[in-house]
Amino acid sequence: LCLFSTLLISGVVVAALVHIALEDLSSCADVHAIAPGLTSLTLLGQMTNVVYSFSGQWMYFELMDIMAEPDHFPRTFTIVGPFLVGTYLV
């Protein structure tokens, strides 16, 4: 499963890079590697959004580690999944 996820992520990144490389950029007057006017506060805010969106993922592994019966993980996932979605929406 980990190998599949790695290959899937790598494939998506390569496909996106190929699409960007083949795109006609002649209509773009200004292309910047870093957005003009980017402040350190804006950068910090965007980085915290990324950290926040992945912060709950560790919970699944912790639950699987302490479970007496790891085969019950799908049931645990159906209980914890909606809870995490609810906390993200709050």
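## Surface and model

Accessible areas come from the Shrake-Rupley method with a 1.4 Å probe, and for residues only the protein chains shown count as cover. By that method the protein exposes about 7,900 Å², with 73% of this belonging to carbon and sulfur atoms.

The model is predicted: local features need pLDDT of at least 70, side-chain atom pairs count only at pLDDT 80 or more, and totals for chains, interfaces and linings use all residues. Residues are numbered from 1 along each chain as its sequence is written, and side-chain values use heavy atoms, leaving out hydrogens and water.

## Confidence

The average pLDDT (the predictor's confidence in each residue, from 0 to 100) is 80. At least 70 is reached by 91% of the residues.

## Fold

The protein has four helices and zero strands. Both are DSSP runs numbered from the N terminus: helices are H or I, at least four residues; strands are E, at least two. C-alpha atoms fill a box of roughly 60 × 35 × 20 Å along the principal axes.

Buried residues (under 20% relative accessible area; exposed is over 50%, partly exposed in between; 1.4 Å probe, protein chains only) make up 8% of the 90 residues.

## Helix H1

How many of the 21 residues of H1 are buried? The number is zero, so H1 lies largely in the open. Valine 13 sits in this helix (residues 2–22). Valine 13 is partly exposed, at a relative accessible area of 44%.
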